[in-house]
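Please consult the sequence and the structure shown below while reading.

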Amino acid sequence: MSTTDFRPSDARPNGHPGTEARSGLSPEAMRKAFIDHVEFTRGKNFESSSAYDRYLALALSVRDRMAKAWVRTQRRYYQHDVKRAYYLSAEYLLGRSLGNNLINMGLWDPVRTALKELGVDLATLLELEPDAGLGNGGLGRLAACFLDSMATLDIPGMGYGIRYEFGIFSQDIVNGYQVERADEWLKFGNPWEVVRPERIVPVRFYGSVENAVGPDGRRVARWVGGKTVLGVPWDTPITGYGCRTVNTLRLWQARASAEFDFALFNDGDYERSVVEKNDSEVISKVLYPNDQNQAGKELRLKQEYFFVACSIADIMRRYLKTHSDFVQFPTKVAIQLNDTHPAIGVAELMRVFVDEKRLPWDEAWDLTTRTFGYTNHTLLAEALEKWPVTLFERLLPRHLQIIYEVNQRFLRAVEIRYPFDSARLERLSLIEEGKEKSVRMAHLAVVGSHSVNGVAELHTSLLKQDVLKDFHELYPQRFNNKTNGVTPRRWLVACNPRLTKVINAAIGDGWVADLDKLRDLEKFAADASFVKAFRDAKRGNKEDLSAHLRDVMWASLDPSALFDVQIKRLHEYKRQLLNALHIVRLWMDARRDPSTLKVPRAFLFGAKSAPGYKLAKLIIRLITGIADVVNSDAQRTGLRVAFVPNYRVSMAERIIPAADLSEQISTAGMEASGTGNMKLSMNGALTIGTLDGANVEIRDLVGAENFFLFGLTTEQVAQKKKEGYRGRHVYETNERLREVIDLIGAGFFSPEDKSLFRPLIDTLLDEDRFLVLADFDDYARAQAEVASAYLNPDKWWKASIINVARMGFFSSDRTIAGYAKDIWGVRRTPTE
């Protein structure tokens, strides 16, 4: 990879290419800094240093160079008293930082040159960094892309979340089953973060509320008693492309207010002496504890309130440094709720304004609603968070009072507008009545925000028409769309250097900061020399991935085969099961007549299932069972299947550049947006997909002829369900599908337990909630079209190049510019 491939010309955080030990950017300066950190930070001489010593030395050398721009950025924000955007997210799926930081700072070539002179391989050091897996999937990865884009666009912003000690679990596949292991990403520390003990925030749980009358005659509520946990902030610098702006991701770690009971310890009660410490620190221990039981529910709500309370206290502190009242609060502060996890922030900000700052209710509510924006990320009713009122009353008693007050005032306004419509009041209420009364967090977020956005055109339309229909009728001006995007710095430049080099040779590197410039590639779609270079880059990526998978899982893939890829969180609506059923059908056909298989295929899956999601874990077991059978017969059929264990950001960075076909096959109307679809298209994969999420916009932009469409539409899905659809009817009338279902049901892919997959089969036949069987035939038709297109190289590579060329719209830079302009009212604040 060459510096000229992607280095920004102004990547000079200190303003000149000096050779200072802390800020110089030349190869000589980087070499000296690297050796200094080996010796003075790691306490080793270079010759005896380990690979890990060298990785840390390099990371710290890079962080040193980010630090000056980091300090200057914060000073710039204070000097100009800018409005800032604060992004509250329970997830940040950052992945590895070293390579991305080298690219954004323009340091790739200087560092590679410096290390080469010392006989050190940069690629080896990059592989030593653990993934920061503080997220479960697209939601957390989107948050990470947004931070990159905010810094690149010089937008004053800051991310807030939780510093989970253990991120998303590490996944092993043992005897075909998913087995979860703790992800100890912090086992040896994290060189990118800086602890800020001077900014610790106390957070209260439990207790009771005392009501009194203040000196001004107004009622005063005091939240007293209970238990206090300390929030310790850890800051990670987020550098934008060109390193003009370095923003901050602040993650909160939970610590006990009383670490250790020495008296109990001396009495020999060693376990009780650290009970409070353990009870407090478990809050930031694990990403998404299993909430199938009461203890898990309580811990999950604790996590959400903990990081929100810490963050709002921090935002308030920062605002009050330069302001003496709250008149300007919404003109200086924008808070974005990334899904419902931080929705408790609405009640918390009201508590601070009303109880601590003594503002009148109406003034506090006006400030709150002008400050918050809410991004909805789901169309699934079960994914819209609800918390039992009894849990709220015990854990956050004052917040429940505030929510009741908000609800009472809100429903009164609704009643005035829609008199005698009790059904509407019930649908809109923040409190869901029933066997167990619950607080509807999505409703709280909508009522407490001035903006509610979806993340794809279709998703936003469905929010308005269905999921949040009543709210849209009430507040139509609040609803808007912000289609998701991904950062091209990580998802093309960093992960696909071969293709980056090919693109830069054709159109220069201006596209890295302005992805719309990729459109200039279209004129090369029929250029023989460009097509060859483009094709060779893909082949090289496929060879690299094949070699890697051979090393990590003994998989044997043919790089000349079509790489058919489905990499995403395992959920029934994403329909990995549909893909699996089709593989079985292809294999059965090829067994009977090998000539039916026109194109050799390698099917690649990467997915983690939630630990408590039994059917999803059974789908993983089915895929691995299919892989065992199909791979044993690969010489005859030309088919191979690989379920890649422990799918994560760094694995995605290997798979995506090598993909030929992108599986985006969710049930129409179920996926909010998707971002894997964008990353894969950006790297030249063609899409087979339904009209769901951002697939609709991808197809519109790349052209119907360059997209393999299949499946029922959202309207057709709704109609089928209305008609009482059941999968059994399709099974009984479709012989080719019935053969597949019967083979699986008979235990062919689970010889140790013939009835293992009966729950899956029963779910498909008795309900088929996600219309897997209904879409099977059309999916098989589209897959046949894929095979025919792949046999026509000129057509395939032209379509692949056009996919890359038309991905400009799906840059997260465009998405963030929309948030900043339309929702936050935050302006770019570039260096002077």
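## Nonpolar cores

How many residues does the largest nonpolar core have, and which residues have the most contacts inside it? In this predicted model, the largest nonpolar core has 154 residues. Those with the most contacts inside it are Leu58, Leu581, Phe749, Leu773 and Trp796. Another core lies apart from the largest one and has 114 residues, among them Phe372, Leu391, Leu400 and Val826.

The surroundings of Leu773 can be listed in detail. When residues up to four places away in sequence are not counted, Leu773 touches Leu581, Tyr725, Gly727, Val730, Leu737, Ile741, Leu764, Leu765 and Asp768. One of these partners, Leu581, is also among the residues with the most contacts inside the largest core.

A search of the whole structure finds 62 salt bridges. One of them joins the side chains of Arg96 and Glu127, with an N to O distance of 3.2 Å. Arg96 lies in the loop between strand 2 (92-95) and helix 4 (98-104), and Glu127 in the loop between helix 6 (122-126) and strand 3 (132-134), so the pair ties together parts that are 31 residues apart in sequence. Are the two partners buried or partly exposed? Arg96 counts as buried because its relative accessibility is 15%, which is under the 20% cut-off. Glu127, at 38% relative accessibility, counts as partly exposed.

A second salt bridge is formed by the side chains of Glu432 and Lys386, at 2.8 Å from N to O. This pair links distant parts of the chain: Glu432 belongs to strand 16 (residues 431-432) and Lys386 to strand 15 (residues 386-388), 46 residues apart. Glu432 is partly exposed, with a relative accessibility of 23%. Lys386 is likewise partly exposed, with a relative accessible area of 38%.

Where do Arg409 and Glu405 lie? Both residues are in helix 16 (residues 397-417), four residues apart, which is about one turn of the helix. Arg409 forms a salt bridge with Glu405, and their closest N and O atoms are 2.7 Å apart. Arg409 is partly exposed, with a relative accessible area of 39%, and Glu405 counts as partly exposed at 23% relative accessibility.

Key
Residues numbered from 1 in each chain as written. Predicted model: local features only at pLDDT ≥ 70, side-chain atom pairs only at ≥ 80, totals over all residues. Heavy atoms only, no water. Salt bridge = Lys/Arg side-chain N within 4 Å of Asp/Glu carboxyl O. Helix = DSSP H or I, 4+ residues; strand = E, 2+ residues; numbered from the N terminus. Buried < 20%, exposed > 50% of the residue type's maximum accessible area, 1.4 Å probe, protein only. Core = buried A, V, L, I, M, F, W, Y, C linked by side-chain atoms within 4.5 Å. Contact = heavy atoms within 4.5 Å.
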